[in-house]
Amino acid sequence: MENKKVLHLILMRKYFELILNGVKTKEYRDKTLYWDRRLKDKEYDVIQFRNGYQKLAPVMVVEHKGYDVIERNGVIVYSINLGNILEKRNCGIFDNAQI
């Protein structure tokens with residue numbers, strides 16, 4: 001990931017597994033001032049998803065394919081488009097996981 005702009009996001013296990021298994025291709029964040037500062041007018045190459053805060057927490061790096069601002073369930077959100085998984089670390093616990 002040298003010289004790449006990385007967006008760091010923490011995910012709950014359920015959503016981490018769905019992305020890891022190729023089921024979930026978008027990640028949603030409410031359009032708040034906090035997320036405006038992190039996403040609006042910024043360009044990222046990849047997203048590093050982490051399942052928790054532990055030192056050896058599962059991590060995957062996914063291509064960032066831009067975002068859209070949409071309404072979802074009556075809330076304005078950032079819909080972050082995910083590309084291919086480029087890297088996985090400490091993901092062995094998900095090998096036979098049930099979703």
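Q: Does Y67 count as buried, partly exposed or exposed?
A: Keep in mind that this model is predicted. Residues under 20% relative accessible area are called buried and those over 50% exposed, with partly exposed in between. The relative accessibility of Y67 is 25%, so Y67 counts as partly exposed.

Q: What kind of aromatic pair do the rings of Y67 and Y78 form?
A: Let's look at distance and angle in turn. The two ring centres are 5.1 Å apart, and rings pair if their centres lie within 6.5 Å. The planes of Y67 and Y78 meet at 80°, and an angle over 60 degrees makes a pair edge-to-face. The pair of Y67 and Y78 is therefore edge-to-face.

Q: How many residues apart in sequence are the parts that the pair of Y67 and Y78 ties together?
A: Y67 belongs to strand β4, residues 59-72. Y78 belongs to strand β5, residues 75-89. The pair therefore ties together parts whose separation in sequence is 11 residues.

Q: Is Y78 buried or exposed?
A: The cut-off for buried is under 20% relative accessible area. Y78 has a relative accessibility of 1%, so Y78 counts as buried.

Q: What is the angle between the ring planes of Y34 and W35?
A: A search of the whole structure finds 2 aromatic pairs, and Y34 with W35 is one of them. Their centres are 4.9 Å apart. The pair is edge-to-face, with an angle between the planes of 85°.

Q: Which residue has a relative accessible area of 13%?
A: Take the two partners of this pair one by one. Y34 is partly exposed, at 45%. The buried residue with a relative accessible area of 13% is W35.

Q: Which strands are the edge strands of the open sheet?
A: The sheet holds 5 strands with mixed pairing, in the order β1-β3-β4-β5-β2. An edge strand here pairs on one side only. That describes β1 (6-10) and β2 (26-30).

Q: In β5, which residue is the bridge partner of D30?
A: Strands of a sheet pair through backbone hydrogen bonds, either parallel or antiparallel. Here β2 and β5 run antiparallel and are joined by 5 bridges. The partner of D30 in β5 is V77.

Q: At about what angle to β4 does helix α1 run?
A: Helix α1 covers residues 13-20. This helix lies across β2, β3, β4 and β5. Relative to β4, helix α1 runs at about 105°.

How values were computed:
Residues numbered from 1 in each chain as written. Predicted model: local features only at pLDDT ≥ 70, side-chain atom pairs only at ≥ 80, totals over all residues. Heavy atoms only, no water. Phe/Tyr/Trp six-rings, centres within 6.5 Å; stacked < 30°, edge-to-face > 60°. Buried < 20%, exposed > 50% of the residue type's maximum accessible area, 1.4 Å probe, protein only. Helix = DSSP H or I, 4+ residues; strand = E, 2+ residues; numbered from the N terminus. Pairing = 2+ DSSP bridges. Contact = heavy atoms within 4.5 Å. Axes fitted to C-alpha atoms, helices over the stretch in contact; angles between N-to-C directions.
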